Amino acid sequence: MSAALRLVDVTVTYDRHPAVHHVCAEIPEGVCTAVVGPNGAGKSTLLKAMAGLVRIARGRVEIPERSQDKLAYLPQQSDVDRSFPISVLDMVLLGRWRDIGAFGAAGPADIDRAIHAMEAVGLHGFERRPLATLSAGQFQRALFARMLLQDAEIILLDEPFNAIDMRTTADLLALVRRWHEDKRTVVCVLHDLEQVRSHFPHALLLARELIAAGPAEETLTAANLLRARAMAESWDETAAICHPGEMAA
Amino acid sequence: MEFLASSLFDPFADNGFMRRALVACLALSAGSCTVGVFLILRRMSLMGDALAHALLPGAAIGFLLGGLSLPAMSVGGFVAGIATALLSGVVARFTSLREDASFAAAYLTALAAGVMIVSLKGSTVDLMHILFGSILAVDDLSLVLVAATASLTLLGMAAIYRPLVVECFNPGFLAALGVRGSVYHYAFLALAVLNMVAAFQALGTLMALGLLLLPAVAASFWTRQVVTMALVALPMAAASALIGLLVSYHSSLPSGPAIVLAASLFYIGSLLLGTRDSVRLRIAPPAHLRA
């Protein structure tokens with residue numbers, strides 16, 4: 001199995017304190033990978049590093065040439081200004097950015113695809129609605145519709161089911177399963193271990209450092225989860241400078 | 001009736017400076033409404049205000065070198081505005097200081113430096129002209145400057161419209177696609193500075209933002225779509241200019257504050273009577289629908 005993404009000794013810091021610390025891992029291609037770990041474990045930061053949204057202090061993220069332009073990232077809901085006056089259709093159409101860019105017109109074919117994507121996520125008839133009128137669940141469906149339009153090979157989802165009801169979660173998980181069947185690579189930050197076990201064959205367990213990676217049932221063992229939970233959440237203000245050569249395992 | 005006509009039209013018919021002032025303000029309104037709308041949508045209203053104040057030291061250095069000459073002061077103001085925007089952006093990006101705080105720090109520095117520089121050479125009257133504007137001294141050259149600014153702004157905003165909208169509501173989206181969204185942010189700031197430079201002769205550096213921002217704020221009580229907001233703001237800005245100039249002419253009041261106050265009246269009127277979130281709707285909410 002080849003890697004869709006390779007993390008080589010990735011360290012991301014906030015204020016010199018590592019949020020993600022010397023993480024080496026491979027994200028297998030065409031598989032759904034869950035990123036699991038306690039709050040503050042650096043899951044979202046790791047995802048942002050994969051999407052190229054944060055500066056990597058050390059190491060690198062390797063993405064094969066062919067899929068570099070085929071990456072889509074779903075932010076946490078708080079990263080989007082939902083009060084902005086834009087219609088749902090316009091927002092979904094942004095998924096066609098790579099083809100229409102800043103100046104191209106969205107043709108009838110693009111609009112048709114957008115409407116189909118909205119139907120696929122259960123937002124039929126929402127085209128003209130302003131974004132601000134959507135509920136959290138509907139908004140998440142709209143973001144998924146945009147991702148459908150992006151037609152990405154690597155799909156990064158940051159806590160997509162937070163504050164989302166069961167029915168919407170089930171619908172969106174069905175989309176994830178469809179991406180899996182299409183042999184797309186999905187990396188998803190999740191808290192619900194049941195969801196991970198039933199939908200994600202592969203998992204990364206993170207507690208700032210990588211605790212374990214591999215098939216989900218081998219990764220999410222009670223012993224590993226205990227080790228992850230033991231991570232100190234607070235920063236050590238007196239921490240010494242990290243010299244990679246001396247890194248304890 | 002005749003009295004009304006004479007008080008409305010005669011000032012412009014009889015005086016060249018009033019005609020030039022009116023044309024300048026109308027052109028200014030046309031260009032700056034889109035900029036004002038985006039300043040609000042980007043939650044940058046106060047930062048825009050800080051930016052307008054930051055024009056002062058540049059204009060003051062222009063004044064020091066060239067006296068009360070518009071080209072010198074405009075170039076100086078433009079350079080100072082761009083420098084402030086860039087430096088604040090850079091400081092915010094590379095330190096943990098937030099952009100609003102770094103803007104505030106930059107503009108306080110700029111305002112103090114500007115007043116000092118003008119005081120080195122000029123009189124209090126010069127300082128008042130620069131701070132509060134002197135629209136009645138608009139000459140042909142300033143008209144060309146304002147008209148060019150308005151044209152450039154409309155074309156520029158049309159060119160960066162889509163990426164700017166995306167940058168506003170979902171900043172990470174373009175970055176994840178590998179597009180440098182910050183380019184559009186700075187292009188927008190440059191257009192904003194350009195409009196403030198065009199406005200500062202008429203309204204002064206302290207109130208340069210008045211015609212940009214107040215009509216756009218007022219428009220947000222009538223509609224919430226980007227394009228319609230600009231379209232609603234435009235006639236309000238134009239009307240404010242007309243009313244302000246007439247009041248200023250008939251009562252011998254300074255034109256800058258008169259225009260800005262007229263725009264404020266539109267703002268207060270919209271706040272009270274608008275069709276969205278206005279006081280009227282708060283007091284007597286319309287009946288809700290079935291579904």
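Reader: Let me start with a single side chain: is Arg184(A) buried or exposed?

Author: This is a predicted model, and in it Arg184(A) is buried, because its relative accessible area is 17%, which falls under the 20% cut-off.

Reader: Which residue does Arg184(A) form a salt bridge with, at 2.9 Å between the closest N and O atoms?

Author: That partner is Asp151(A), with the closest N and O atoms 2.9 Å apart. Arg184(A) also forms a salt bridge with Asp182(A), where the closest N and O atoms are 3.6 Å apart.

Reader: And how does Asp182(A) count by relative accessibility?

Author: Asp182(A) counts as partly exposed, because its relative accessibility is 41%, and that value lies between the 20% and 50% cut-offs.

Reader: Okay, stepping back, what does the domain assignment give for chain A?

Author: The assignment gives domain 1, made of 1-70 + 152-235, and domain 2, made of 80-151. The C-alpha centres of these two domains of chain A lie 25 Å apart.

Reader: How many residues are in contact between domain 1 and domain 2 of chain A?

Author: On the side of domain 1 of chain A there are 21 residues in contact, and they meet 12 residues of domain 2 of chain A. Between them the two domains bury about 1,300 Å², with 62% of that area on carbon and sulfur atoms. Within domain 1 of chain A, the residues that lose the most area to domain 2 are Leu172(A), Leu175(A) and Trp179(A), which together account for 32% of what that side buries.

Reader: How many salt bridges does the rule find across that interface, and what is the count of residue pairs in polar contact?

Author: The rule finds 2 salt bridges across the interface of domain 1 and domain 2 of chain A. For polar contact the count between these domains is 5 residue pairs, with both residues at pLDDT 80 or more. On the side of domain 1 of chain A that touches domain 2, the elements giving two or more residues are β6 (154-158) and α6 (166-181) of chain A. The largest share of that side comes from α6(A), with 8 residues. By class, the side of domain 1 has 12 nonpolar, 1 polar and 8 charged residues.

Reader: Changing topic, how many salt bridges does the structure hold over all chains?

Author: Over all chains the structure holds 13 salt bridges. One of them joins the side chains of Glu62(A) and Arg6(A), at 3.5 Å from N to O. That pair links distant parts of the chain, with Glu62(A) in strand β4 (residues 58-62) and Arg6(A) in strand β1 (residues 3-14) of chain A, 56 residues apart.

Reader: How do Glu62(A) and Arg6(A) come out for accessibility?

Author: Glu62(A) counts as partly exposed at 27% relative accessibility, and Arg6(A) is partly exposed with a relative accessible area of 35%.

Reader: Which residues are linked with Arg6(A) and Glu62(A) in a network of salt bridges?

Author: The network of salt bridges links Arg6(A) and Glu62(A) with Glu26(A) and Arg60(A).

Reader: What about chain B, which residue does Arg224(B) meet in a salt bridge?

Author: The side chain of Arg224(B) meets that of Asp277(B) in a salt bridge, at 3.6 Å from N to O. This pair too links distant parts of the chain, 53 residues apart, with Arg224(B) in the loop between α10 (210-219) and α11 (226-251) of chain B and Asp277(B) in the loop between α12 (255-273) and α13 (279-283) of chain B. Arg224(B) counts as partly exposed at 31% relative accessibility, whereas Asp277(B) counts as exposed at 53%.

Reader: Last topic: how many residues of chain B are in contact with chain A, and what area is buried between them?

Author: There are 22 residues of chain B in contact with 26 residues of chain A. The buried area between the two chains is about 2,000 Å², of which carbon and sulfur atoms give 65%.

Reader: Which side chains meet in the salt bridge between the chains?

Author: The count between chain B and chain A is 1 salt bridge, and the side chains of Asp81(A) and Arg43(B) meet in a salt bridge at 3.2 Å from N to O. The rule also finds 6 residue pairs in polar contact across this interface, both residues being at pLDDT 80 or more. On the side of chain B that touches chain A, α7 (140-169) and α8 (171-176) of chain B are the elements that give two or more residues, and the largest share, 7 residues, comes from α7(B).

Methods: Residues are numbered from 1 along each chain as its sequence is written. Chains are lettered from A and ligands numbered from 1 in the order in which they are written. This is a predicted model: local features need pLDDT of at least 70, side-chain atom pairs count only at pLDDT 80 or more; totals for chains, interfaces and linings use all residues. Side-chain values use heavy atoms; hydrogens and water are left out. Domain bounds come from an automatic or database domain assignment. Contact means heavy atoms within 4.5 Å. Buried area is the accessible area (1.4 Å probe) that two parts lose on being put together, summed over both. A salt bridge is a side-chain nitrogen of Lys or Arg within 4 Å of a carboxyl oxygen of Asp or Glu. A polar contact is a pair of N or O atoms within 3.5 Å; within protein, one must be able to donate a hydrogen and the other to accept it, and residues adjacent in sequence count only if both atoms are side-chain atoms. Helices (H or I, at least four residues) and strands (E, at least two) are DSSP runs, numbered from the N terminus. Ala, Val, Leu, Ile, Met, Phe, Trp, Tyr, Cys and Pro count as nonpolar, Asp, Glu, Lys and Arg as charged, and the others, Gly among them, as polar. Buried means under 20% relative accessible area, exposed over 50%, partly exposed in between (1.4 Å probe, protein chains only).
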